Amino acid sequence: MVLAVGSLVATSLPAHAETGVTGTEIKLGITLPLTGAASPGYNKIGNAMNAYFKYVNDNGGVYGRKVTLIQKNDEYSPQLSIAKTNELILKDKVFALVGPLGTANFTSVHKSVGIAKRGIPSLFLNTGFSGFANKKSYPTSFMVLPSYAMEAKIISQFLKENHAGKKLGIVYQNDEFGIDGMGAFKAAGIKFDVSVPYTSGTQSAATAQTWVSQLAAGGAQVVVFFGVTSATAPLLAVSAAAKYSPQWILGSVGADPLTLRALGVPLAVLNGAQTPAGNPSPNDTSDEYVKQFQEINTKYNAGTAFDDYVLQGMNIGLMTVQGLRAAGPNPTRKKLISAMETKGSSFASVAYSPLGFSATSNVGHTGYYMAVMDANGDRKPFGGKVKLYTTDSGSGPVVVSTFKRPAMPAKGLPSNS
Amino acid sequence: MRNFKFKRSLTLVAGAALAASLLVAAPTVASANPVCDGKVPVQTCGGATSDGAPYAMMVPANFNGTVYLYSHGYRPNIAIPAGIPVYGGYTITNTPQPGPNATVIAALLGKGYAVVGSGFARQGWNADSAIKTNVELVGAFKKQFTKTTKVIAWGESLGGFITQALAEKHPDLFSAAAPLCMASDVTPLSTMAGDALWGIKTFFDPTIKGGGYSAGAAGYAEAMGDLVKVFTVIGTLQAAFQANPSAPAWPATSKVPDAIKGIPSRSALVMVALMAGIPMQSAHFDSTSAPAGLPASNALSFQVAINPAFAALENVANAAALAVLATHDLELQAGGAIFDNTTTDYAARIADEQFIWASALSGNSGTAGLLSVLAASPRAKADPAAAAKLKTLVTHSGKVEIPTILFTGVADPVTAAGNQQSVADKYAAYYAEKWEAVKKAKGYKRPANNQLVLWNFPLEKYTKYTAAGAPDTSVPAATGTNHCNFTTSQYMAIADLLAYASANGRHLSGGPLLTKIRKAGNMTYDRGYSAPRLKYYGD
């Protein structure tokens, strides 16, 4: 009798007892700005991830389960991110967050939603704030981008190697970008002759006039921009109109040529702009990742121009699927976190630099190469060949790396376990 | 940033949320035994406990044996002259209050429950005496109505504090309890009030005393003077915010260096809210929305910089009066200044929030500038004897052996949600201890979970805008905001859950619980949620 009751209970249980996972589906969630001032470019990432997941689903899914992604529009407002993430967790009951975007946004979500307390995996945060690399504070979160501090250290090295003796200017977002970036520039011994902070949310053509006036008045010959695309665009457009043309070094966050052009930046202004880059150009069809992702984009994300954001979204999808596979056929949140720690550093990724995941580190990619934009707005390695710099977010040196990234899984479909 | 203009005047100061909202007309004879009117279907009895506190009992003819003991919230213990915003014209009252409002009382009576409440002998922070008053009142009720089988305690704000203390200290008298929008211990509360007042004084008007009031009539005059000055600052800021939300001017009374005045005054007010632990969503400002039709970049700046500043203004406006009154009251009781920030590191206080509200704080440089003012300003020092005396007042252990229900708005500006969270945390630690003890004794059965924690979250977006694009503050306060801002449905859901717990010795759970709170609306049961902790717990 006891056995019979036990059998009854067993058969009435769901096929898999973990939030967001059923016998046929794994449900994931993302918050990002789909509308509003900060949305250009970022609003493509979720659809690109979805396109990749659809491709995987059409090819058997992850251990037979289809992967679905629920996108929530937080308009880049931290307070709204909290509400939207609560929806994802409490209402939609997602298994994990993937690619949540924005430093202030994820900071507020982590604190107010209780991500760590709930044990919710938050994979591939779309922000470079080095504070998220604090494994003790963010035990269930994993970065993907190199930190802003790493980026500033690498730009510093590049400035020393290629622009020594020039008058330097910088325009930077006056928040965590600033703390990470400016701290690293200072530690690297870079002194800017003109320094222009701007408060996130104030970027516009009008405010860009004041930035350009300060830069021009200070005679800045090389200007580093460390902010988001919605600020890069007015800066470059206003500079062009004012015929102020320093050597631009555009931080990786705000340097997607296609988006900048869509926001009205003349192609001529982009020509010659230098930028740290983690990934190959989205136009480089000789790259096996780019080629595969472009094919997926054409079929599953039709009508969407393939740019850095789409490439990044697809790549997060690829890495997510590897994480899910590494968590095994019966994934739990704990298993996924453990898999990220033990196997994450070996995941295939389009980026050239190594991944830093381990039991004690939630650092994602760790380096950049410097690139230059050409007359077509395309990005080419500076000096004609990828010279990969890697470093950490602290006082470690910037070194030229010989790291060779893992090959793209056959047909873009991971088979890891 | 666009220079936003609001044509319509904003009314940011809500009504006196803490003052008694329901005063029951009951016989007021200060009699040791209740004097009842004998009316049918509900008889009302009045009397006074031995400390002189008047009480009211309301008992239906079909009394089912269960009575709800209600503890009212904070009432000032001094008269407040007419003309002062929010509290002006208040006179001290100890009229008894047996329930949250007339509708809820009528509904409970209609279900056969009795209700009872005291007006308490002393107003102000009165928890120690109110606990004794309530214990005596329960005895008087049981003696008068011998059919009584269960006594349920509930109360709001300071009454929530009293209710939690009753549940902890007198599990023999009560079968269930619900501290609502509760105050936690007096030290964190007075610190929150002190930080807010000191922040307003430091940034906007250094002539505000903010504490350390003199004895007697002189101290009363100083406190009333502070009330006027605080509301003058709030009013001036309100006008400045309306005139130029992007870069509102500083009040003329401000003595911060001119270089600091390059930072918009709205950012200083946001700093005050953050350093004190006042929430960044208010009755009418959600910190997420912008008027329709703004260009995208202006909409974003409104969402992340201007709307939060208005939220801070509205919440500080509604918390400031209580901060002055409570500080004056507690100093009277303790015999000297109680607020001490000589060692407070305000940079550490806001470290968790400064990135979240970076735009509202005008970025890193704005934040650094404002922190430099706080660091350089003279600090308040408490009288050691007074501070020690404050610590002798009753505190919560969090240890309850009867079912208790906690419920509060996540954006309550007076008793911030961290008050409820602190009691939830204490109980969680206590429960873990009990469970460990069971396991050590080779037991396997988990102890009963006596605490049910519920939250009222604000909606994602709730700021209303006029056709002209100005925020409309004439609409009712949004759910989850303001102090003890509950609906009748929510009160009744709590009452029903209490009745169930009282009758069964355990909480309603599972689907029936979720259905119950869903039907009430805007009540959330989420064990994974933790409200932001208060800035200081006295530890």
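Trainee: Among contacts in chain A between residues at least 6 apart in sequence, what percentage join residues at least 24 apart?

Mentor: The model is a predicted one. In chain A, 71% of the contacts between residues at least 6 apart in sequence link residues at least 24 apart.

Trainee: How many helices and strands does chain A have?

Mentor: Chain A contains 13 helices and 16 strands. Its radius of gyration is 22 Å, close to the 22 Å given by the globule rule for 417 residues, so chain A is as compact as a globular protein of that length. The C-alpha trace of chain A spans about 90 × 40 × 40 Å along its principal axes.

Trainee: What share of the residues in chain A is buried?

Mentor: Of the 417 residues in chain A, 59% are buried.

Trainee: How should I read the interface, and how many residues of chain A are in contact with chain B?

Mentor: The size of an interface is often expressed as the accessible area lost when the parts come together. Here the description is by residues: 32 of chain A are in contact with 26 of chain B. On the side of chain A that touches chain B, the elements giving two or more residues are helix H3 (78-91), helix H4 (103-118) and helix H6 (176-187) of chain A. H4(A) provides the largest share, nine residues. By class, this side of chain A has 10 nonpolar, 16 polar and six charged residues.

Trainee: How is a helix pair described, and at what angle do the axes of H4 and H6 of chain B cross?

Mentor: Two packed helices are described by the angle between their axes and the distance between the axes. In chain B, the axes of helix H4 (residues 186-204) and helix H6 (residues 265-276) come within 8 Å and cross at roughly 160°. H4(B) is therefore roughly antiparallel to H6(B), since angles over 145 degrees are classed in that way. The crossing of H4(B) with H6(B) is right-handed.

Trainee: Which residues of H4(B) and H6(B) meet?

Mentor: From H4(B), Met192(B), Asp195(B), Ala196(B), Gly199(B), Ile200(B) and Phe203(B) meet Ala268(B), Met271(B), Val272(B), Met275(B) and Ala276(B) of H6(B). By class, this contact has nine nonpolar, one polar and one charged residues.

Methods. Residues are numbered from 1 along each chain as its sequence is written. Chains are lettered from A and ligands numbered from 1 in the order in which they are written. This is a predicted model: local features need pLDDT of at least 70, side-chain atom pairs count only at pLDDT 80 or more; totals for chains, interfaces and linings use all residues. Axes are lines fitted to C-alpha atoms, for helices over the stretch in contact, and angles run from 0 to 180 degrees between N-to-C directions. Helices (H or I, at least four residues) and strands (E, at least two) are DSSP runs, numbered from the N terminus. Angles under 35 degrees count as roughly parallel, over 145 as roughly antiparallel, 65 to 115 as roughly perpendicular and the rest as oblique. A crossing is left-handed if the near helix is turned anticlockwise from the far one by less than a right angle, and right-handed if clockwise. Two residues are in contact if their C-beta atoms, placed from the backbone, lie within 7 Å. Ala, Val, Leu, Ile, Met, Phe, Trp, Tyr, Cys and Pro count as nonpolar, Asp, Glu, Lys and Arg as charged, and the others, Gly among them, as polar. The radius of gyration is taken over C-alpha atoms; the globule rule is 2.2 Å times the number of residues to the power 0.38. A residue is buried if 20 or more other C-beta atoms lie within 10 Å of its own, exposed if 12 or fewer, and partly exposed in between; C-beta atoms are placed from the backbone.
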